[in-house]
Amino acid sequence: MDPQTTRALAQRLYDAAAEHRTVPMLTAEHPSLTEDEAYAIQTALVGLHVAAGATRTGMKLGLTSKAKQREMGIDVPIVGVLLDTLALDPGTPFAVGQLGQPRAEPEIALLIGRELAGPGVTAAHVLAATEAVMPALELLDSRYDGYRFTLPDVVADQTSAGRYLLGGRLTSPRDLDLRLTGCVLTRNGEVAATAAGAAVSGHPASAVAWLVRWMAARGGGLRAGDIVLSGGMTAVVPLAPGDVVTAEFDRLGSVTLACR
Ligand code: OOG
Ligand code: MG
């Protein structure tokens, strides 16, 4: 794919998000779009946000749990970029109309304490480099009609990144077994889904180790201060004005999103 087409497709997704519209899947027009070409579109899309003033705050993993893979019909993990413009303030109700097809999912977030890079990084290295883990809600928003896509489509669309909200408590991962970290997701007081950390690639740190190796293969790595979302633990809940969604985690605390 030539650079001009890559840029034009990134602009199409950028404009769709800005105007709260959806567009047909890119693969409808470009059926042979590869995963690598899709990541190039994503990079161009992130570049448009950065040109408009956004700053990178970390990385997000997607489709790291069976629940999510089943939900979207795609069984490989995907990677996106977190930006400061996507971060929500805890305690401030979110005007959900800012997103076209808003959904929420509970995730375990890692705050990376020191640079982490290289092809040999394991879950143990990730845990040693993690300053804290935090409860998180990711708000997803596909820019595609009917919230349907193939793997290259969702990669190009910044892995449906919408917003993210981190809980207010930092917990050291040292004395935790994140595999066993239970999560209860409630929507308007009703339990919507439950899971444990092991739902995420067997262990959230394994998912992040995979991410670091993936970044190493592309000449990058995690930086000190990066936030990493390790991937949705459960199926999503849809969001509408008035909804209150809470993700409660054993030993990590909770995070609540109020929608207006
Ligand atoms: C794709 C993004 C998936 C996750 O945590 O699994 C994702 C989607 O479901 O729209 O962020
Ligand atoms: Mg997610």
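The model is predicted: local features need pLDDT of at least 70, side-chain atom pairs count only at pLDDT 80 or more, and totals for chains, interfaces and linings use all residues. Residues are numbered from 1 along each chain as its sequence is written, chains are lettered from A and ligands numbered from 1 in the order in which they are written, and side-chain values use heavy atoms, with hydrogens and water left out. Ligand 1 sits in the largest cavity. The protein buries 100% of the 320 Å² that ligand 1 exposes when taken alone.

- Ser 160 places a polar side-chain atom 2.7 Å from an oxygen atom of ligand 1.
- The side chain of Lys 60 has an N or O atom 2.9 Å from an oxygen atom of ligand 1.
- For Glu 138, a side-chain N or O atom is 3.0 Å from an oxygen atom of ligand 1.
- A polar contact here is a pair of N or O atoms within 3.5 Å; within protein, one must be able to donate a hydrogen and the other to accept it, and residues adjacent in sequence count only if both atoms are side-chain atoms.
- Taken alone, ligand 1 exposes 320 Å², and the protein buries 100% of that. Accessible areas come from the Shrake-Rupley method with a 1.4 Å probe; for residues, only the protein chains shown count as cover.

**Ligand 1: cavity and shell**

- The largest cavity holds ligand 1. A cavity is a set of points, on a 1 Å grid over the protein atoms alone, where a 1.4 Å probe fits but cannot get out. A molecule sits in a cavity if more than half of its atoms lie within 2 Å of its grid points.
- Strand 1 (56-62), helix 4 (66-72), strand 3 (103-112) and strand 4 (130-140) are the elements that give two or more residues to the shell around ligand 1. Helices (H or I, at least four residues) and strands (E, at least two) are DSSP runs, numbered from the N terminus.
- Strand 1 gives the most to this shell, with three residues.
- There are 17 residues around ligand 1, and Leu 63, Glu 105, Tyr 147, Ser 160 and Gly 232 come nearest. A residue is near a molecule if one of its heavy atoms lies within 4 Å of it.
- The shell divides into seven nonpolar, five polar and five charged residues. Ala, Val, Leu, Ile, Met, Phe, Trp, Tyr, Cys and Pro count as nonpolar, Asp, Glu, Lys and Arg as charged, and the others, Gly among them, as polar.

**Side-chain pairs within the protein**

- Lys 68 lies in helix 4. It is buried, at a relative accessible area of 4%. Buried means under 20% relative accessible area, exposed over 50%, partly exposed in between (1.4 Å probe, protein chains only).
- The side chain of Lys 68 makes a polar contact of 3.1 Å with the side chain of Glu 71.
- Thr 27 lies in helix 2 (residues 26-29). Thr 27 counts as buried, at 15% relative accessibility.
- The side chains of Thr 27 and Asp 153 are joined by a polar contact of 2.7 Å.

- Thr 159 has a phi near 50 degrees, a positive value in a residue other than glycine. Its place is the loop between helix 6 (151-156) and strand 5 (161-166). Thr 159 is buried, at 4% relative accessibility.
- Asn 188 also has a positive phi, near 55 degrees. Its loop runs between strand 6 (182-187) and strand 7. Asn 188 is partly exposed, with a relative accessible area of 42%.

**Sequence separation and distance in space**

- Val 255 is in strand 11 (residues 253-258). It is buried, at 4% relative accessible area. Val 255 and Leu 165 are 90 residues apart in sequence and 7.6 Å apart in space, C-alpha to C-alpha.
- Leu 88 is in the loop between strand 2 (78-83) and strand 3. Leu 88 is buried, at 17%. From Leu 88 to Leu 139 is 51 residues in sequence and 9.8 Å in space, C-alpha to C-alpha.
- Gly 197 is in the loop between strand 7 (190-196) and helix 7 (204-217). Gly 197 counts as buried, at 0% relative accessibility.
- Pro 119 is in the loop between strand 3 and helix 5 (123-129). Pro 119 counts as exposed, at 71% relative accessibility. Pro 119 and Pro 90 are 29 residues apart along the chain, and their C-alpha atoms are separated by 35 Å.

How values were computed
On a 1 Å grid over the protein atoms alone, a cavity is a set of points where a 1.4 Å probe fits but cannot get out, and a pocket is an open set with protein on both sides within 12 Å along at least five of seven lines; lining residues have an atom within 4 Å of a point.
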